[in-house]
Amino acid sequence: SLGGENVTISGTSSIANTSGNAMASAALSGGMSTPILKAKSEANSGFNGAFATAFAVQGYTYNGAGEVLTLDVNLDGLVVDPEMDPTDTSVTLEVVLYESDPFGFYMDRGTLDFEVGAIPLKQPNTSVASVKLQLDHNNTMTDSGQITVDVSNGDEFYIWAYMRAISQSGSSGTSADAFNTGTMEFQGMPDLTPVASAVPLPAAVWLFSSGLIGLIGIARRKK
């Protein structure tokens, strides 16, 4: 979110060489400005692997009288893995709802939780307000989940969303394609306002101020 306005923003990165290719994209949709993440990696037969990471953060203020919010999270793509190893070739999407303070714009959840001390919201059953989806050789095309939280007037919170596509090849080529995409949407029409972040950001991660980042890379040869 830029200035708390409902502005669509996006960022995309890509890389390719003889080992494979990788692409990552992150955007904030119109309307509720919920994150849209895309990541794709392909490893050519007999070469190295590839990975792609997409990351987004969006903050909200709830203006209603109080209700239970439900966030639907969906992951659609296609994993091709003849070697059938989910640790080597997969797409994962993790989404967590955090309290607004303390909070920081970090891709690494360990840093966010343990160094910053960010506090995840709780679902009505007292579990952490998070969901983790995965596509691999056992579930190649689609996965979905929900996060449910109670909110009161004036509550502020953040959506933290992280997607990673990774593929490593041996004798056969592999691919982990989620350019069809990781999406999330609030059920109904809750009275939410996207808010600008008041978190001070170091220059090295200034791109996070738009709520978006895409990272890509080529991994070392699988042994």
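The model is predicted: local features need pLDDT of at least 70, side-chain atom pairs count only at pLDDT 80 or more, and totals for chains, interfaces and linings use all residues. Residues are numbered from 1 along each chain as its sequence is written, and side-chain values use heavy atoms, without hydrogens and water.

The largest pocket holds about 150 Å³ of space. A pocket here is an open set of points on a 1 Å grid over the protein atoms alone, where a 1.4 Å probe fits, with protein on both sides within 12 Å along at least five of seven lines; lining residues have an atom within 4 Å of a point. The volume is the space filled by probe spheres set on the points, which are joined across faces, edges and corners. Eleven residues form the lining, and G31, M32, T34, E185 and F186 lie nearest the pocket centre.

T34 belongs to the loop between β2 (20-28) and β3 (35-43); strands are DSSP runs of E of at least two residues, helices runs of H or I of at least four, both numbered from the N terminus. With a relative accessible area of 7%, T34 is buried, a term for values under 20%, with exposed for over 50% and partly exposed in between (1.4 Å probe, protein chains only). Beyond its neighbours within four places in sequence, T34 is in contact with A27, L28, S29, Y60, I159, M184 and F186, where contact means heavy atoms within 4.5 Å. A polar atom of the T34 side chain lies 2.9 Å from the backbone oxygen of M184.

In a regular strand the side chains alternate between the two faces of the sheet. Strand β6 (residues 90-99) pairs with β7 in the antiparallel sense over six bridges; pairing requires at least two DSSP bridges between the strands. Within this pair, V131 of β7 is the bridge partner of V95.

Q168 lies in the loop between β9 (156-167) and β10 (174-186). Its relative accessible area is 16%, so Q168 is buried. The C-alpha atom of Q168 is 9.4 Å from that of G20, although the two residues are 148 residues apart along the chain.

In helix α1 (residues 109-116), T111, L112 and D113 are the buried residues. Their cover includes β6 and β9. Just after α1, G117 takes a positive phi of about 80°.

Notes. A polar contact is a pair of N or O atoms within 3.5 Å; within protein, one must be able to donate a hydrogen and the other to accept it, and residues adjacent in sequence count only if both atoms are side-chain atoms.
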